[in-house]
Number of protein chains: 2
Amino acid sequence: MPMILDQRRDEILQVIEQQGFVSLQELVTRLGASESTVRRDLEYLDGIGQIRRTRGGAAYTGESITPFEERFRSASREKQTIAKVVADLIQPGETILLDGGTTTLEVARGLAGKALQVVTNSLPIANLLAQQPNIELVLIGGYLYPRTGVALGPLAESALREVHVPRVIMGTGGITEKGLFNSNTLLVQCERMMLVAAKEVWVVADSSKFGKSALAHLCELSKVTRMIVDAGLSDSWREIIRGAGIELTIAET
Amino acid sequence: MPMILDQRRDEILQVIEQQGFVSLQELVTRLGASESTVRRDLEYLDGIGQIRRTRGGAAYTGESITPFEERFRSASREKQTIAKVVADLIQPGETILLDGGTTTLEVARGLAGKALQVVTNSLPIANLLAQQPNIELVLIGGYLYPRTGVALGPLAESALREVHVPRVIMGTGGITEKGLFNSNTLLVQCERMMLVAAKEVWVVADSSKFGKSALAHLCELSKVTRMIVDAGLSDSWREIIRGAGIELTIAET
DNA sequence: CGTGTTGTGAATGAAGTTGATTGAAAATGT
DNA sequence: ACATTTTCAATCAACTTCATTCACAACACG
């Protein structure tokens with residue numbers, strides 16, 4: 001009696017999220033499915049971008065400090081152009097709250113050289129900006145979520161309660177008409193506090209994120225002030241976003 | 001059964017990133033792969049510019065995710081032996097609060113591989129331990145002090161108020177009969193909160209610190225539970241320390 | 001009832017990876 | 001300067017992993 005399809009794929013995702021990596025063989029024994037089936041699952045999950053297929057197994061593809069393949073290649077061109085546009089929108093002397101994630105990390109890279117005050121809960125971003133002489137860096141502490149290097153949990157939340165900023169720049173796992181999503185409830189909880197701490201909410205997302213949902217719902221579209229997306233965004237999505245009262249900025253290459 | 005390709009290459013990168021250099025032989029034993037395989041991996045990683053191939057091994061190249069070039073500036077032999085002794089005193093499963101500083105950074109390095117819960121306000125230490133799979137890391141946030149990469153200020157202090165640990169391990173700027181000193185009032189203020197948060201106070205210090213005072217007074221000697229010092233400490237200082245009711249551990253080379 | 005559709009497992013040959021072996025090249029010691 | 005040792009690149013056979021194909025079973029839908 002075979003396991004239910006979705007259930008099995010869910011379990012694969014869980015294992016990968018937890019370990020960062022699984023071998024195909026491990027999944028075969030763990031799930032009691034045949035090699036062919038697991039292979040097909042991995043192929044599918046890779047197709048929708050949930051994991052990254054590698055020879056012999058599969059790797060975690062989400063935000064990460066030390067990704068497997070990701071380390072071998074630089075961020076996508078879309079993310080880089082988005083980041084550049086965002087960085088140009090930021091005026092010297094401002095204070096911004098920077099969420100964790102690969103897109104926001106690119107944004108941080110673009111901020112180098114500017115005189116700013118930056119608040120972040122992301123260890124990679126902190127590393128990047130700590131070396132910048134003109135940037136005053138405030139770190140949000142908390143339980144450091146392994147692999148992603150983002151501080152979460154009660155400590156992070158209470159720290160965010162003490163912080164007030166004019167603007168937060170967030171990444172996201174997925175966007176639908178229902179709003180923003182992310183893959184991790186702990187993360188979402190923390191991001192909710194960020195929404196409260198900031199007056200304006202800017203969301204950076206490459207167009208592949210649209211139409212995708214994820215495990216945890218973060219907020220309605222109406223909470224978002226501005227979105228910065230690459231030019232690959234379809235016209236229908238542009239209408240939906242603008243219809244929700246969001247200022248949409250397209251990052252042209 | 002061979003290890004998976006990407007995983008192995010990632011591990012090579014991690015080792016090189018941490019040590020700055022690895023010999024081919026070390027990788028062979030460490031990874032349990034054949035010389036040919038490791039050779040091929042190095043060739044590949046060199047090809048994509050992640051490492052620099054050298055005769056007999058490979059060297060680090062390019063930008064790091066762990067800034068603060070502490071990594072290469074090797075600590076003094078005294079600090080290293082102190083750190084090793086301290087690390088041996090820590091039992092698996094414990095929770096410790098780790099102060100910032102070069103000596104405590106060495107301690108953190110010695111903790112690699114152990115299963116621990118570590119609380120710290122030091123960015124370099126967080127970077128070091130974030131990669132360790134067995135270490136649960138809690139980051140104390142706050143204003144990130146540029147030079148040293150330590151989180152200080154009101155945010156850090158209120159975070160420390162919410163934390164309780166059996167043991168804090170601190171560095172220090174100087175030690176006299178009057179107690180411990182450090183060079184920075186903001187830092188001292190934060191360290192005072194650490195003293196409150198912990199039951200036991202361990203101080204790591206190389207013998208050169210004794211007899212030196214510094215700008216800001218942190219606390220009396222009586223607050224300290226244990227000191228770990230290198231063998232260069234004079235007999236008179238040993239008596240003073242023991243006379244203050246402190247358990248003194250000498251780190252022999 | 002057929003007749004698609006979908007999920008599954010097994011079989012096949014192709015492609016990629018691995019470890020041992022070889023002799024050349026470079027470093028080291030005498 | 002020579003012999004010895006270490007490191008290296010190239011080659012090859014054994015082995016893994018992979019994509020493709022086929023056959024079978026469950027199930028929906030006309």
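In which order do the strands of the open sheet in chain B stand, and is the pairing parallel or antiparallel?

## The open sheet of chain B

In this predicted model, 3 strands of chain B form an open sheet in the order β10-β11-β13, and the pairing is antiparallel. Because β10 (174-176) and β13 (216-219) of chain B each have a single partner strand, they stand at the edges, and one side of each is left without a neighbour in the sheet. From one strand to the next, the twist averages 35°.

Strand β11 (residues 179-182) of chain B pairs with β10(B) over 3 bridges in the antiparallel sense, and within this strand F181(B) is the bridge partner of G174(B). Helix α8 (residues 185-197) of chain B packs on the sheet, where it touches β11 and β13 of chain B, and its direction makes about 5° with that of β13(B).

## The contact between chains A and B

Chain A gives 33 residues to the contact and chain B gives 30 residues. On the side of chain A that touches chain B, the elements that each supply at least two residues include β1 (21-23), β3 (57-60) and α7 (153-161), while the largest share, 5 residues, comes from α6(A). The residues of this side divide into 18 nonpolar, 11 polar and 4 charged.

Strand pairing also links the chains: β6(A) and strand β7 (residues 142-145) of chain B pair in the antiparallel sense over 2 bridges, with L139(A) opposite G142(B) in β7(B).

## The surroundings of DNA strand D

Residues of both chains surround DNA strand D, among them Q25(A), R39(A), R55(A), R39(B) and R55(B).

Notes:
Residues are numbered from 1 along each chain as its sequence is written. Chains are lettered from A and ligands numbered from 1 in the order in which they are written. This is a predicted model: local features need pLDDT of at least 70, side-chain atom pairs count only at pLDDT 80 or more; totals for chains, interfaces and linings use all residues. A residue is near a molecule or strand if its C-beta atom, placed from the backbone, lies within 6 Å of it. Two residues are in contact if their C-beta atoms, placed from the backbone, lie within 7 Å. Helices (H or I, at least four residues) and strands (E, at least two) are DSSP runs, numbered from the N terminus. Ala, Val, Leu, Ile, Met, Phe, Trp, Tyr, Cys and Pro count as nonpolar, Asp, Glu, Lys and Arg as charged, and the others, Gly among them, as polar. Two strands pair if DSSP finds at least two bridges between them. Axes are lines fitted to C-alpha atoms, for helices over the stretch in contact, and angles run from 0 to 180 degrees between N-to-C directions.
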